[in-house]
Amino acid sequence: MDFIVSDEQQQLRDSLQKFISKEYGFEARKAIIASKQGFSDKIWAQFADMGILGVAFDEAHGGFGGSSVDTMLVITELGRGIVVEPYFSTVVLGGSLIDLAGSEAQKQAILSEVAQGKMLLAAALGEPNSRYELNSVETTAKRDGAGYVLNGHKAVVLHGESADKLVVSARSAGGARDAKGISLFLVDRKSAGVAVQGYRTLDGMRAAEIKFANVKVGADALLGEAENALPVLERAADFAVSALCAEAVGSMEALNAATFEYLKTRQQFGRPIGSFQALQHRAVDMMIHCEQSRSLALLASVKVQSEDPNERKRTVSAAKIQIGRSGRVICEEAIQLHGGMGVSNELAAGHYAKRLAMINATLGDVDHHSERFANAA
Amino acid sequence: MDLNYTKEEQAFRDEVHGFVHDNLPKDIADKVLHHKRLVKDDWVRWQKILFKKGWVAPNWPKEFGGCAWTPIQQHIFDEECGYAGAPRVMPFGLVMVAPVIQNFGSQWQKEYYLPRILSSEDWWAQGYSEPGSGSDLASLKTKARFVKSAQGEHYIVDGQKTWTTLGQYADMIFCLVRTDSTVKKQEGISFLLIDMKSPGITVRPIITLDEEHEVNEVFFDNVKVPARNLVGEEGKGWTYAKFLLGHERTGIARVGESKRELEQLKAIAGKQLRNGKPLMQDPRFRDRVTAVEVELMALEITLLRVLSSRTKPGPEASILKIKGTDIQQALTELTMEAVGPYALPFRPEARAGDWHGEPVGPEYAAAAAAVYFNYRKTSIYGGSNEIQRNIISQMVLGL
């Protein structure tokens with residue numbers, strides 16, 4: 001057993017960290033968020049140059065043949081910078097759905113484009129009534145000659161408005177919550193019948209409600225096995241959750257560091273407020289929450305590759321539970337310890353806190369994963 | 001990065017598992033698993049079995065009879081022993097005083113005491129806390145006066161120690177005593193090894209909330225201690241005490257024991273019914289168990305990260321104490337709640353190993369509430385969790 005990152009991984013991490021701290025300061029980020037698109041093409045192109053967009057894809061598909069641990073290292077740095085570019089939606093969730101479910105031809109066509117920064121993806125999985133349940137799919141896919149016709153409403157699709165291609169879950173058999181009967185489709189966002197209502201998210205990103213009205217797709221749009229997509233959907237979602245956990249750890253570290261620095265510099269009653277034990281002990285608890293979260297994020301990044309689905313689900317859900325609970329504590333304590341400044345939008349601290357809270361509401365909150373954890377025992 | 005155990009580590013685990021399975025006396029494991037009362041002989045018997053195998057002092061340097069295990073091996077050993085229901089090796093001699101003697105003791109002290117510690121011939125107690133000196137340990141007042149007489153050189157000790165765990169069994173006690181009250185409080189402290197049979201020593205039991213006799217007060221009235229029982233130099237006791245604190249690190253998280261208690265809790269909650277269904281299926285209760293289980297999974301990795309770091313565990317180890325005891329206490333709380341109204345019957349007599357009376361309620365319920373109250377100690381002893389937070393705040397966060 002060892003926790004050592006390789007020299008190459010260390011280099012990747014260092015160069016990304018340097019890049020983000022130089023190019024992605026608070027004001028730069030603010031300007032990016034305020035832009036029409038909500039993220040920066042220039043930053044995205046630089047990510048492509050650095051190789052992080054294809055870090056986990058096979059070399060045969062234009063990637064770098066890295067592991068889930070490489071993804072974890074990268075996204076932790078993105079979390080440290082609360083980077084709003086569509087890395088999670090395109091590379092992590094979209095990318096892993098293509099990687100796990102796609103045919104060789106689909107992978108060839110899409111993953112290398114993603115790795116080069118030429119194509120954006122979004123996963124349209126959730127629905128107004130589905131909450132976090134991947135099996136809860138009311139969007140329909142009806143056979144139409146060799147192809148399909150899609151109808152339905154997908155909710156809170158991260159970066160749905162900017163995506164070139166959408167990965168859509170739709171049902172062609174069974175009841176609304178049945179495990180069987182779900183298929184995945186690759187749909188051009190600009191296809192006739194696709195209506196996208198984009199909006200900002202609380203944490204500075206973008207998302208969209210997407211409605212499908214008689215959207216016709218060909219047989220080649222089918223991604224993976226027809227009517228049996230749930231297992232692969234769960235695997236991809238687990239990978240995405242493990243990455244979210246790693247991202248959260250980066251944000252927790254940065255938020256803790258900012259808070260501890262504030263405790264050292266803010267003076268009241270003639271001394272730094274960090275000299276007060278009531279605040280010191282809360283700071284220590286924030287640090288312990290971060291360390292416990294890091295431990296399970298590490299474990300999840302490794303066990304997400306487990307062949308045993310129960311071990312995979314248990315570990316990933318455990319990590320998401322820990323990150324959800326610890327993220328909430330760190331979010332609230334950081335705001336409180338910053339005093340009035342904590343509730344100001346002009347300070348980075350609150351933006352980290354927002355991201356941590358939204359991560360809990362992405363792909364399953366503490367309650368959702370607590371149930372899943374117990375069921376996977 | 002590889003979070004799987006290596007083949008060698010797995011083989012080591014199998015070896016430990018096999019040994020514990022074959023050699024841990026069933027009556028002792030039974031007591032531990034059912035929270036019955038352990039007596040001196042239970043600990044000594046198990047320690048002698050480990051001694052024979054060469055595993056009783058894995059933390060010692062090889063030259064003194066240690067195992068030269070890696071930190072990961074040490075963790076595997078702790079975890080297997082804890083999980084199987086082995087009693088914890090009494091730390092006062094083997095883990096606490098021995099490294100101090102090895103590093104700062106005289107040749108005579110090494111030759112005389114270390115073999116007796118290793119073979120469990122001497123039972124040691126810790127003489128640190130005093131009625132007026134808990135978290136502020138350096139304020140301690142027990143006095144040792146150096147005297148030279150026809151009978152040789154001695155210290156005369158007067159004062160009181162308290163919370164002395166299992167002091168009723170002790171042959172020896174290592175004490176922090178004040179030898180100089182004219183200097184800074186930390187600099188006037190010395191480290192003495194005192195024979196518990198010395199005239200002038202009185203041990204008085206302190207009965208804890210579970211009505212058990214686990215801790216004591218120890219009174220010293222004009223106790224004569226040979227000068228050769230001073231460890232190292234006069235006035236350096238505080239330095240040795242801090243050195244000692246750095247030595248109880250690997251076992252402090254108690255991951256193995258907590259895994260065992262978690263499993264028992266799940267078994268109990270699987271048998272107890274709520275609304276006609278196993279309590280374990282009740283979402284309210286189940287989620288509370290899950291919360292602890294997740295923290296325990298995280299703690300195990302946190303522990304392994306601390307152990308694997310190339311530097312010696314430092315103040316970060318305080319995290320292990322805080323989180324480890326949080327989890328232990330949460331498990332006792334859930335276990336007490338799991339047994340429902342059977343938390344009420346209190347029958348200390350049923351906790352004796354040789355008790356065969358008529359049980360009240362399920363056997364697993366008998367000690368649940370008593371153990372809950374007993375375990376309140378964990379966040380207080382060994383440096384209270386508040387002191388641990390002070391340590392992290394100052395040494396790690398720099399506040």
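The legends below accompany several close-up views of a predicted model.

**View 1. Strand E4 of chain B between two neighbouring strands.** Strand E1 of chain B, residues 124–127, runs parallel to E4(B) and is joined to it by four bridges. Strand E5 of chain B, residues 189–195, runs antiparallel to E4(B), with seven bridges between them.

**View 2. The hairpin of E6 and E7 in chain A.** Strand E6(A), residues 194–200, pairs with strand E7(A), residues 206–217, in the antiparallel sense over seven bridges. Arg200(A) has Arg206(A) as its bridge partner in E7(A). Five residues lie between the two strands, and in this hairpin Gly204(A) takes a positive phi near 85°.

**View 3. Helix H4 against helix H7 in chain A.** The axes of H4(A) and H7(A), the latter covering residues 230–265, are 7 Å apart and meet at an angle of about 40°. That angle makes H4(A) oblique to H7(A), and the crossing is right-handed. Residues of H4(A) that take part include Met72(A), Ile75(A) and Leu78(A), and among those they meet on the H7(A) side are Phe239(A), Ala243(A) and Val249(A).

View 4. Val83(A) sits in the loop between helix H4 (68–80) and helix H5 (87–101) of chain A. It counts as buried because 26 other C-beta atoms lie within 10 Å. Leaving aside neighbours within four places in sequence, its contacts are Ile20(A), Tyr24(A) and Leu78(A). For a sense of scale, Val83(A) and Ala195(A) are 27 Å apart, C-alpha to C-alpha, and 112 residues apart in sequence.

**View 5. Helix H11 of chain A and what covers it.** In H11(A), residues 366–375, the buried residues are Val366(A), His369(A), Ser370(A), Arg372(A) and Phe373(A). They lie on the same side of H11(A) because they cover an arc of only 165° around the axis. An α-helix has 3.6 residues a turn, so residues three or four places apart point the same way. The cover over the buried residues of H11(A) includes helix H9 (309–337) and helix H10 (348–360) of chain A, together with helix H9 (283–308) of chain B.

**View 6. The contact of chains A and B.** Chain B gives 30 residues to the contact and chain A gives 29. On the side of chain B that touches chain A, H9, helix H10 (317–338) and helix H12 (385–396) of chain B each supply at least two residues. H9(B) provides the largest share of that side, 13 residues.

**View 7. Two loop residues of chain B with positive phi.** Most residues other than glycine have a negative phi, which makes this pair worth a look. His35(B) has phi near 55° and lies in the loop between helix H2 (26–33) and helix H3 (40–53) of chain B. Because it has 20 C-beta neighbours inside 10 Å, His35(B) counts as buried. Ser120(B) has a positive phi of about 60°, and its place is in the loop between helix H6 (107–118) and E1 of chain B. Ser120(B) is buried too, with 22 other C-beta atoms within 10 Å.

Technical notes:
Residues are numbered from 1 along each chain as its sequence is written. Chains are lettered from A and ligands numbered from 1 in the order in which they are written. This is a predicted model: local features need pLDDT of at least 70, side-chain atom pairs count only at pLDDT 80 or more; totals for chains, interfaces and linings use all residues. A residue is buried if 20 or more other C-beta atoms lie within 10 Å of its own, exposed if 12 or fewer, and partly exposed in between; C-beta atoms are placed from the backbone. Two residues are in contact if their C-beta atoms, placed from the backbone, lie within 7 Å. Two strands pair if DSSP finds at least two bridges between them. The arc is that of the directions from the helix axis to the C-beta atoms. Axes are lines fitted to C-alpha atoms, for helices over the stretch in contact, and angles run from 0 to 180 degrees between N-to-C directions. Angles under 35 degrees count as roughly parallel, over 145 as roughly antiparallel, 65 to 115 as roughly perpendicular and the rest as oblique. A crossing is left-handed if the near helix is turned anticlockwise from the far one by less than a right angle, and right-handed if clockwise.
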